[in-house]
Amino acid sequence: MKTYFNVAHKVLIFLSLLFCYYISGTNAAELPKLLKATPLSETAIQLQFDGQLEVETAENLDNYRIAPDVQVEYALLDDRLNRVLLLTSPLEVEINYHLTLPNIQTGIVITLPPVNEITFGTGDAVTFSGGLQDTTLHVNEDRKTRNNNAGAEQTLLCNPTGSVFFVVFDLFDAFEDMGIREPTQVLEATITLHVEQYETDAVQTVLFRRVLLPWKEGRGTSTRAEDNELTYNSALHRNLPWNKRPAQAMLSGIDGDTESDYNGSEDVAHRIDGTSEIQGAGKHYTIKSELLTDAVRFWVANPDYNYGYLFALQDGNVPIIFTSKEATDETLRPTLTIRYQTADQREQTLKDN
């Protein structure tokens, strides 16, 4: 009888090991190769794989181990299906941690830097898949008829007639998910646009102004704007396109800097947040200014008031055609890049004291 129980016990152990091996092998087979692991903040790590994952596998917490002493509390599969956002217990800056997955024999070292850079948009070079909206608002040549909102096109246009375009990046959940909650952590912000067509050798200047009202993306070049939709003829100046005074003038003392400025009195801020010189097609142009960085800080604190930027031709007489988010080549779409502190310095000071 004793021998029988010993044999049965050994059989149960063998079956248990076989089951564990089967489960581990299944997970390993289902999990594509991990290309890189990027710590985004004290409580967020992004994983990038060489193929698409299934939700059940990607969001199974048992697939992730981080040592020493870091708990994986949540796993979220990105819309692109090849990235996973891990939310964890706090990481310390510049400490080496080891991440292991079922199909990785040795751990990958991850180290949280004090300063990081993140890009919003789409494509392989992008770190976070924050939503992007863009549209061109066309001014008809007579400047009198109702204007069209062209949000389904592969290009964005600004021209001497007064056509402009909008771009907005949705940061609503991104910084909250990453654990970046203080506007002061944002150090610099830049927007990158690709010029697709440019029919002159001369230098022309594009300006950008902060948008102060919600807007819809539009459904095509022939789509008429809807009632109360943010277009040239909306808000207080329903009979004037934005390229004519006083449609671009803000009320006295209002420049879009504070929450109270977003009161529906105007479409866009009177203040110009910056300009960029354009010369030649087939190039990326990176647009930056202190006011753009300030705008992103404001949006981190007030995500409900993020309506993006209007881009218009300030100096020039030839249309400029930019690539929109509808472009087939993802590397040509608009992107927003933010350089930021990965930890709240005020909290760090309290810890040090």
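**Strand β19 and its surroundings**

Modeller: In this predicted model, T192 stands opposite T335 in β19. Six bridges join β13 to β19, and these two strands run antiparallel.

Biologist: What makes β13 and β19 a pair?

Modeller: Two strands pair if DSSP finds at least two bridges between them.

Biologist: Why is β19 called largely enclosed?

Modeller: Six of the seven residues of β19 are buried, so the rest of the structure largely encloses this strand.

Biologist: How many helices and strands does the chain have?

Modeller: The secondary structure comes to five helices and 19 strands. Buried residues make up 48% of the 353 residues in the chain.

Biologist: What makes T88 a buried residue?

Modeller: Buried means under 20% relative accessible area. T88 has 3% relative accessibility, so T88 counts as buried. T88 has its place in strand β5 (residues 83-88).

Biologist: Which residues are in contact with T88, leaving aside its neighbours within four places in sequence?

Modeller: T88 is in contact with E42, T43, A44, I45, I66, V70, Q71, V72 and E73. A contact here means heavy atoms within 4.5 Å. The C-alpha atoms of T88 and E42 are separated by 8.1 Å, and these residues are 46 residues apart along the chain. For the chain, residues 24 or more positions apart account for 72% of the contacts with a separation of 6 or more.

Biologist: Why is β3 called an edge strand?

Modeller: An open sheet of three strands has the order β3-β6-β7, with antiparallel pairing. Its edge strands are β3 (65-67) and β7 (108-111), each of which pairs on one side only. The twist in this sheet averages 30° from one strand to the next.

Biologist: How do you know that β6 and β7 are paired?

Modeller: Four bridges join strand β6 (residues 96-100) to β7, and pairing needs at least two, so they count as paired. The bridge partner of H98 in β7 is V109.

Biologist: How do you know that the span of helix α4 is close to the one expected?

Modeller: The expected span is 1.5 Å times one less than the number of residues. Helix α4 (residues 290-301) has twelve residues, and 16 Å is expected. From its first C-alpha to its last, α4 reaches 17 Å, which is close to that value.

Biologist: Which residues of α4 are buried, and what do they pack against?

Modeller: The buried residues of α4 are L292, T293, A295, V296, F298, W299 and V300. They pack against several elements, including α3 (174-178), β16 (283-288), β17 (309-315) and β19 (335-341).

Biologist: Which residues touch the most other members of the largest nonpolar core?

Modeller: That core has 42 residues, and F120, V296, F311, I320, F322, L336 and I338 touch the most other members. Another core, of 22 residues, lies apart from it, with L47, V70, A75 and L86 among them.

Key:
Residues numbered from 1 in each chain as written. Predicted model: local features only at pLDDT ≥ 70, side-chain atom pairs only at ≥ 80, totals over all residues. Heavy atoms only, no water. Axes fitted to C-alpha atoms, helices over the stretch in contact; angles between N-to-C directions. Buried < 20%, exposed > 50% of the residue type's maximum accessible area, 1.4 Å probe, protein only. Core = buried A, V, L, I, M, F, W, Y, C linked by side-chain atoms within 4.5 Å.
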